[in-house]
Amino acid sequence: MTTSRQNLSSGADEDAPAAADGASGPAVKNDAATSDVDTKPSTTTPGTQERHISIQTKLEGLEMLVDLNGAGRKSCPLCPEDKFKACYSHKLRRHLQNLHWKVYVEFEGQKMCICHLPCRHLKPSLTGDQVSGRHVAHYHCVVCSATIARKTDMVSHLKRHVNKGETEASYCGGSEPPHEEPAPSGQSYEIMKELGTNVQLLPNHTVPQKSDSYFNRRMKTNRQLVFSSLAVLAEERSPLECLDAFGATGIMGLQWAKHLRSAVRVTITDISDTCVKMIKENCELNNIRVDGGSRGPRGADGNPGEGKGLSITTVEVAKMDANVIMHLRPFDYIHLDPYGTAVNYLDAAFRNVRNLGIVSVTSTDTGSLYSKSPNVTLRHYSCHIVRTEYYRELAARMVVATVARAAARCNKGIEVLLAVALEHFVLVVVRVLRGPSQADESVRKLRKLVHCQWCEERVFLKQGTMMDDTLPCSCHESLPGKTAVHLGPLWCGALFNTGFLRRMLSAAVQHSMDDVQPLLKMLICESECTTLKTPPHGSTSAFANQVECGVVIKTSESGEDAAGQFGKRKKADEPGPVVKKLKPDASLEHPSFYYSIHRHSIRGMNMPKLNKFLQYLTEAGYRVSRTHFDPTGVRTDATLQQFKSVLTKYSVPTYTKAGAAPTSVSTEPTTTGPL
């Protein structure tokens, strides 16, 4: 994830510039209260910014502090004369290795050896005398120059620096000059390349509380999914007005502009001055011209395409709040990736998005999405949820429901093209359909979910039905008390569009995005609820058409535009119709949710392998597929009772000893009682 700290507290903003200060960083203040930490500046080699002599990278550097090849007795550079007397070279070498180097603490390639010099303020005893002896030995922190006595305390002290984003490079400065020009904040940075795009990163880019330009390497899958969805929309119509509302380093918008070129007009915004300056420098790093007014890249003489460094395309970079720019200008594609929840920006996103445009939303507040903070979930998403075996799909449907309500407030409906929930983010990609009728149709798909707390059976609640009569299980009859709860409201429609996913896979292959291709293949099988590894090769229109809200939208692959310029649909009575109404087919309705084969395994039985079990369910006449939400999950249209009956039929009894009688088999799941 690349996102700015636009929606963080002001207190976190005040701490960020401190990471660029000198050796006296804020981390010293936090540890000064302990008895083993002293913040007095330590003895250093000549130069105010150089490290203490006890901090070395190799043992040879420690031995070079004294001439061991010379004759005569020599003193230890890290011990006082009264503690270690001068000796010959062979004895001093063993002393440096066994006492100082052997117990070093390593941090980012720097070894902090133990020091016995009088660098610390020693606390007086009750009689007023200085405490001497074992408390003199200490370590010098490579980040903040604090002196810490114990090795374990030094390790904990360095971990606090890492959590705050304070590194050795941000305080002391590297001894080697940076290989590129200085970063906007005056700090050294590293160059990272992803999908052919180079971006510069600050040393504390992994901690959002300490960096304006937060960058998460684990969000590479998210960036590639968003890029693939934009590439599909660019095939339908061009040029597209695209917005990366939270630029941070600008890597996502730069990837769009660098690979899609003239098919997109990219706008990157951020509220931080540091991020805006860094985005502009990253544009120069990738030979992309920053738009100052006109759209076309122009050279020094005003001719397009003759700028400095032969600019390949142009992007617009603006310092502006995301809500403001989305209210001021219309866009065809909007991507929201704030720090945490995106609910504060949904109303502005649907305010001016064009018809048949796409809005992609990335939510990283996994604490509230995955049922860890139910009170926050109720505030942000107006949903009541509990922890279930299908909590990831529950989070995806909850985000889609929030997006649908925001679109309906602007008289717009949505068609879900993609909904992915992984360990650290939830990505939802929807197509916008204008009109109150489309909005009403989307709102009708928001329903309550009835969840059994005992067996975890679930079903969407229909209007006018009793809660206990809705569930197909009989837990409410055989068990005392309330066994079912209402969750939601949630999105009860499909979470995937098969035609759109196939075209996303084609775009991923075209742009050499190998990391996301296995995930897209699994999503295609999940959208069709099939176990096929490759999509069926039926008619050509199966790949080119997308069924959205009962409407077939043909793409440019078949030689016809999916929609007119800027999203205007053609009339059905025109020759060569591209829009055709379809009757809903209840038999092809996408199965909601999935069951975990391990959660519902039978006690005393060895269950079959997952792929074999999928084959058994298919032979029984059920639609079945695997799911990306859970590696042990099975998406099927069978009820839980039918699912468990097939699982019991093909499970083998467990034998305690060879030749012994089989153990008693219980038909109850391994996990008993409500979660």
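**View 1. Phe-350 and its contacts in a predicted model.** Contact means heavy atoms within 4.5 Å. Beyond its neighbours within four places in sequence, Phe-350 is in contact with Val-359, Val-403, Ala-406, Ala-407, Cys-410, Lys-412, Ile-414, Val-430 and Val-432. In this predicted model, local features need pLDDT of at least 70 and side-chain atom pairs pLDDT 80 or more, while totals for chains, interfaces and linings use all residues. Residues are numbered from 1 along each chain as its sequence is written, and side-chain values use heavy atoms, leaving out hydrogens and water.

**View 2. The largest nonpolar core.** A nonpolar core is a set of buried Ala, Val, Leu, Ile, Met, Phe, Trp, Tyr and Cys residues joined through side-chain atoms within 4.5 Å. Buried means under 20% relative accessible area (1.4 Å probe, protein chains only). This core has 111 residues. Met-326, Leu-336, Phe-350 and Ile-414 touch the most other members. Helix α14 (residues 391-408) gives the most to this core, with 12 residues. A second, separate core has 21 residues, including Val-450 and Cys-475.

**View 3. Helix α7, residues 220-236.** Helices are DSSP runs of H or I, at least four residues, numbered from the N terminus. Of the 17 residues of α7, 14 are buried, so the rest of the structure largely encloses this helix.

**View 4. The open sheet β20-β19-β21.** Strands are DSSP runs of E, at least two residues. Two strands pair if DSSP finds at least two bridges between them. The pairing here is antiparallel. β20 (458-460) and β21 (484-491) each have a single partner strand, so one side of each lacks a neighbour in the sheet. 6 bridges join β19 (residues 446-452) to β21. Arg-447 has Leu-490 in β21 as its bridge partner.

Note on methods. The expected span of a helix is 1.5 Å times one less than its number of residues. Buried means under 20% relative accessible area, exposed over 50%, partly exposed in between (1.4 Å probe, protein chains only).
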